[in-house]
Amino acid sequence: MRGNLYIVSAPSGSGKTTLLQHLIVRFDNLVFSVSHTTRKPRGGEENGVEYFFVEKEEFQEMADRGQFLEWAEYHGNLYGTSRQFVEENVLAGLNVILDIDVQGAVQVKEKHGDAVSVFLLPPSYSELERRLRERRLEDDETIRKRLAIAKWEILRYRDYDYVIVNDIIEQAVPLLAAIVLAGSARPKYQDDRIRKIIASFGGRD
């Protein structure tokens, strides 16, 4: 049985990372795709865990060789998803979740039209600003730029299959989990099993 591909996008500071951490522990067959990036690690981040941190020259070489399923520039840094990782895991029957921005989501949808996409909305502009400032990772100018980008990103919510307002984590996690569970019920991802059931009735699909 082939696995599903899930796309999750959200403005920076929307609580996406926390939500996905809660989601991953709920499913044995769900794997998180670790992106490559040219940005520098933040406090506590480890290479190969949050991201694969690479120099711009190496990233560009990988892009030129077609090693990324998608890649985009965000806030002056490059981010890309490994094509090999995604395709190998999906073919192995695992569900793969991509944490990518709206630019990357468009690219993935063009290549994998059956990917399930979810957009996480912050409850308000003021709450998003509060979350960004509470992280204490960036200066005022950087935060202003992130908020400006967020104003554009949230207008793309109609491009996604589902929208979740990430207000209360205890409510948002079950909603996202329900979307993942529903994906496993799609006929095209149960083809072998369905054929066997039909055959047991003496019929053919």
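Strand S7 (residues 95-99) is mostly covered, with five of its five residues buried. Here, strands and helices are DSSP runs numbered from the N terminus, with at least two residues (E) for a strand and at least four (H or I) for a helix. Buried means under 20% relative accessible area, exposed means over 50%, and partly exposed is in between, using a 1.4 Å probe and protein chains only. Asn95, Ile97 and Asp99 are buried on one side of S7, and Val96 and Leu98 are buried on the other. The model is a predicted one, where local features need pLDDT of at least 70 and side-chain atom pairs count only at pLDDT 80 or more, while totals for chains, interfaces and linings use all residues. Residues are numbered from 1 along each chain as its sequence is written, and side-chain values use heavy atoms, with hydrogens and water left out.

S7 belongs to an open sheet of five strands, ordered S2-S7-S1-S8-S9, with parallel pairing. Two strands count as paired if DSSP finds at least two bridges between them. The edges are taken by strand S2 (30-32) and strand S9 (162-165); each has a single partner strand, so one side of each is left without a neighbour in the sheet. From one strand to the next, the twist averages 25°. That angle, like the others below, runs from 0 to 180 degrees between N-to-C directions, with axes as lines fitted to C-alpha atoms, for helices over the stretch in contact.

How do the strands of this sheet line up? S2 and S7 pair in the parallel sense over three bridges, and Phe32 stands opposite Ile97 in S7. Ile97 is also the bridge partner of Tyr6, and S1 and S7 run parallel, joined by four bridges. On to S8: S1 pairs with S8 in the parallel sense, again over four bridges, and Ser9 sits opposite Phe119 in S8. S1 is mostly covered too, with five of its five residues buried. Leu5, Ile7 and Ser9 point one way from S1, Tyr6 and Val8 point the other way, and all are buried.

Helix H4 (residues 102-111) lies across strand S1 (5-9), S7 and strand S8 (116-121), and runs at about 160° to S1. Helix H7 (residues 169-183) packs on the sheet as well, touching S1, S8 and S9, and its direction makes about 160° with that of S9. Contact means heavy atoms within 4.5 Å. In helix H1 (residues 16-24), the buried residues are Lys16, Leu19, Leu20 and Leu23. They cover an arc of only 95° around the axis, which puts them on the same side of H1; the arc is that of the directions from the helix axis to the C-beta atoms. These buried residues of H1 pack against S1, S2, S7, S8 and H7.

There is also an open sheet of four strands, in the order S4-S3-S6-S5, and its pairing is mixed. Its edge strands, S4 (52-53) and S5 (68-74), each pair on one side only. S5 and strand S6 (residues 77-82) pair in the antiparallel sense over six bridges, with Ala72 opposite Tyr79 in S6. Helix H2 (residues 56-64) lies across strand S3 (36-37), S5 and S6, running at about 140° to S5.

Two residues give a closer look at this part of the model. His36 is found in strand S3 and counts as buried at 12% relative accessibility. Leaving out residues up to four places away in sequence, His36 touches Phe52, Val54, Phe59, Met62, Phe68, Leu78, Tyr79, Gly80 and Ser82. Gly76, in the loop between S5 and S6, counts as exposed at 57% relative accessibility. The C-alpha atoms of Gly76 and Thr38 are separated by 9.2 Å, with the two residues 38 apart along the chain.

Finally, there is a helix pair. The axes of helix H5 (residues 125-135) and helix H6 (residues 140-153) come within 11 Å and cross at roughly 145°. On the H5 side, the contact is made by Tyr125, Leu128, Glu129, Leu132, Arg133 and Arg135, and on the H6 side by Asp140, Ile143, Arg146, Leu147, Ala150 and Lys151. By class, this contact of H5 with H6 has six nonpolar, no polar and six charged residues, where Ala, Val, Leu, Ile, Met, Phe, Trp, Tyr, Cys and Pro count as nonpolar, Asp, Glu, Lys and Arg as charged, and the others, Gly among them, as polar.
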